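Colleague: I would like to learn how to read a structure one feature at a time. Could we go through this one together?

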Amino acid sequence: MQYFLDGYRKGDPRIRLAADGRTDDQPDLPQEVDVLIVGTGPAGLLLAAQLSEFPDIVTRVVERAPGPLEVGRADGVSCRTVETFEAFGLAERMTAEAYWVNQTNFWGPDPQDPARIKRFGRVQDVRDGLSEFPHVIVNQARLGDFLLEYARNSPSRLKVDYGHEVVALQASKTDDEPVLVTIRRSGDDTEVTVEAKYVVGCDGARSTVRESIGRTPQGAGQDKAWGVMDLLATTDFPDIRFKATIQSGSGGNILLIPREGGYMVRLYVDMGEIAADTRLTSDDILDEARSVLAPYTLEAREIVWFSVYRVGHRVTDRFDDVDDDKIGTRAPRVFIAGDACHTHTAKAGQGMNVSMQDTFNLGWKLAAVLQGRSPGALLDTYSLERKKIAEDLIAMDTRWSKAIGGAGRVDSDDPAEAMAGFAEVQRQFVTNGEFTAGLATHYPPGLLTGDDTHLHLATGYPPGRRFKSAEVIRLADARRLHLGHVHRADGRWRLYAFADAVDPRTRGSRFLELVEFLAGDDSPIHRFTPAGWDVDAVFDVRGIVQQSHLDVEWADIHDFLKPRKGRLGLVDPEKVFNPVDDVDKDIFDLRGVDRGAGALVVVRPDQYVSLVLPLDGYEELTEFFGRFMKNEIG
């Protein structure tokens with residue numbers, strides 16, 4: 001963690017200095033804003049945290065509820081989401097509090113006695129090597145606390161305007177018109193109109209924002225109801241602290257999720273097909289859970305929260321306010337994210353995770369456009385990229401739901417046939433492992449993603465996939481850390497220059513020649529960084545050399561990788577890294593980097609690889625950024 005760049009200041013470094021004009025007392029909702037975020041679900045709060053990094057952008061968040069969420073709702077946090085929270089410096093706090101899902105167990109009726117259940121299998125929850133972070137369980141309300149605190153402690157001092165409900169929205173028809181949003185204050189029922197350059201609807205499955213722009217969820221609903229319950233209980237069920245799928249011989253289903261804290265557990269209980277107007281109580285859910293768990297007992301000592309839901313598989317036709325035939329004629333101004341544009345069951349544990357990735361994709365693009373660094377057309381890529389991910393999620397959730405539901409009945413006298421359904425549940429779990437870890441996203445070639453032309457130079461970094469971290473040694477202080485963890489949620493592009501075999505301090509090194517090019521006036525660093533900004537304000541260049549940290553002096557590295565920054569002109573010493581030298585495989589081997597030629601890996605602000613280039617691919621690098629960045633800003 002770096003701080004003191006602009007001078008010494010005592011206290012918690014996570015509470016950063018407020019920007020000019022920002023104070024701890026946020027003023028009333030202004031008449032004009034740059035970005036209006038509607039809703040404080042996971043998508044809305046992650047977007048708020050990301051945009052709070054930009055105090056020159058006026059961001060406000062409105063929420064109709066009177067205060068923050070306290071209990072219940074989503075709880076599964078995928079590996080990819082933990083990686084994302086690391087970009088905010090929050091992963092360590094999250095994982096310290098969380099339940100770690102290490103293993104998933106599979107239960108079904110005993111073929112010899114279908115009235116009883118038995119364990120049929122165990123699977124490691126996350127395959128080795130997928131991520132440096134685990135799959136964890138943390139209450140959605142607690143994740144919200146982290147993000148709210150981050151935004152509150154940011155230079156923007158951003159807070160949520162609770163008790164503010166959006167009742168109408170009039171989208172703009174041109175790039176010059178604002179979006180008009182009518183907001184009702186719950187305290188006195190007065191209505192105000194806010195003019196916003198951009199609006200992001202994170203307001204749930206019954207989204208007012210979605211309806212206002214005429215977008216339609218497409219798909220099918222479900223008659224089946226599921227009860228979900230967080231409880232403190234006593235039980236003789238042996239796997240109460242393991243994630244488990246449980247099917248009874250009568251067709252009942254439970255997805256059991258241990259919760260953080262060591263004592264609480266969540267049960268997703270299949271309540272079957274019931275009329276929409278039927279009111280189910282907590283006792284109804286408990287009775288069904290006990291029936292599935294028989295002969296094991298379950299005694300609820302405290303029900304912390306429960307709900308009943310029916311969710312269909314639906315994806316909205318577009319995630320912004322520009323129709324397909326209008327793309328290119330104007331930029332989108334209104335966006336939807338999370339449950340506002342995709343809904344599904346909770347059994348795959350992906351709703352909250354995919355929702356946050358929606359706005360992590362969108363936030364940096366909004367900042368680039370609002371700061372004048374990119375044209376509005378950059379925002380077309382949001383719906384283009386994220387709609388396909390939502391469709392993939394629905395397909396996976398449909399397969400997984402079908403597998404769980406189909407395994408519940410044993411209506412055959414043949415034990416082998418009776419076991420087939422349970423084998424399919426376990427097979428689907430393993431097959432979907434990368435997806436449920438949040439790591440299956442693969443953006444196709446397009447404006448922000450290159451092709452595989454140079455992938456042979458770094459086979460572990462395919463364009464369109466998230467940048468997969470590995471351990472390195474920081475040259476300046478010999479600290480061992482993950483390279484991917486230098487990536488902050490600050491809207492900057494990362495350029496990871498993996499050196500060729502030649503000593504990086506000598507002529508003939510393509511790494512040295514690249515650094516000299518990046519330092520020059522013709523480089524994209526100079527062309528696309530606004531005048532007066534720090535040299536690494538838009539592009540964060542990191543060098544990874546092949547030599548041991550014992551064999552290279554930091555002082556001998558090119559000055560471009562020792563940039564002077566901030567009002568005091570301090571030197572940043574944290575730009576150069578070496579391989580870890582006490583392991584069988586270092587980062588070059590782990591990520592398939594060509595040791596002879598080296599490679600330049602370009603990574604988007606949302607941690608996805610854009611392209612792999614040779615170290616001398618200057619023209620390709622400049623042409624790539626020229627697609628969506630503006631020259632000579634300042």
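This is a predicted model: local features need pLDDT of at least 70, side-chain atom pairs count only at pLDDT 80 or more; totals for chains, interfaces and linings use all residues.

Colleague: How many aromatic pairs does a search of the whole structure find?

Modeller: The search gives 24 aromatic pairs. Take F624 and F625: their ring centres are 5.1 Å apart and their planes meet at 70 degrees, so this pair is edge-to-face.

Colleague: What describes a pair of aromatic rings?

Modeller: Two things do: the distance of the centres and the angle of the planes. For F624 and F625 the angle decides the label, because planes over 60 degrees apart count as edge-to-face.

Colleague: Are F624 and F625 buried or exposed?

Modeller: The cut-off for buried is under 20% relative accessible area. F624 has 1% relative accessibility, so F624 is buried. F625 is at 0%, so F625 is buried too.

Colleague: Which residues touch the most other members of the largest nonpolar core?

Modeller: They are V199, W493 and F625, in a core of 105 residues. Helix α7, residues 351-370, supplies the largest share of this core, with nine residues. There is also a second, separate core of 22 residues, and A470, Y496, V593 and A599 are among its members.

Colleague: Now a single residue within a strand. Where is F498?

Modeller: F498 belongs to strand β23, which covers residues 493-498. With a relative accessibility of 0%, F498 is buried, because that value is under 20%.

Colleague: Which residues is F498 in contact with, leaving aside neighbours within four places in sequence?

Modeller: Among them are Y461, L483, I544, I587, F588 and V593. The list also includes G598, A599, V601 and L615. For a distance along the chain set beside a distance in space, take F498 and G543: they are 45 residues apart in sequence, while their C-alpha atoms are 6.2 Å apart.

Colleague: How many of the residues of helix α1 are buried?

Modeller: Ten of its ten residues are, and the helix spans residues 42-51. The buried residues of α1 include L45, L46, L47 and Q50.

Colleague: Which residues are buried in helix α11?

Modeller: In α11, residues 510-519, the buried residues are F511, L512, L514, V515, F517 and L518. The elements that cover them include β23, α12 (524-528), β24 (539-544), β28 (599-603) and α14 (618-626).

Colleague: Loops next. Where does S207 lie?

Modeller: S207 is in the loop between β11 (191-201) and α5 (208-212). Its relative accessibility is 0%, so S207 is buried. The side chain of S207 reaches the backbone nitrogen of V209 at 3.3 Å. Not counting residues up to four places away in sequence, S207 touches I336 and A340.

Colleague: Which loop holds S156?

Modeller: S156 is in the loop between α4 (140-152) and β8 (160-162). Its relative accessible area is 4%, so S156 is buried. A polar atom of the S156 side chain lies 2.8 Å from the backbone oxygen of S52. With neighbours within four places in sequence left aside, the contacts of S156 are R22, L51, S52, F54 and P55.

Colleague: Finally, a database record. Which residues does UniProt list for "domain: Phenol hydroxylase-like C-terminal dimerisation"?

Modeller: The UniProt entry, which is unreviewed, lists residues 441-631. In the model, the end C-alpha atoms of this span lie 31 Å apart, and the span is 15% helix and 20% strand.

Technical notes:
Residues are numbered from 1 along each chain as its sequence is written. Side-chain values use heavy atoms; hydrogens and water are left out. Helices (H or I, at least four residues) and strands (E, at least two) are DSSP runs, numbered from the N terminus. Buried means under 20% relative accessible area, exposed over 50%, partly exposed in between (1.4 Å probe, protein chains only). A polar contact is a pair of N or O atoms within 3.5 Å; within protein, one must be able to donate a hydrogen and the other to accept it, and residues adjacent in sequence count only if both atoms are side-chain atoms. Contact means heavy atoms within 4.5 Å. Rings of Phe, Tyr and Trp (its six-membered ring) pair if their centres lie within 6.5 Å; planes under 30 degrees apart count as stacked, over 60 as edge-to-face and the rest as tilted. UniProt positions are given in the numbering used here, feature names are shortened, and annotations may be inferred rather than shown by experiment. A nonpolar core is a set of buried Ala, Val, Leu, Ile, Met, Phe, Trp, Tyr and Cys residues joined through side-chain atoms within 4.5 Å.
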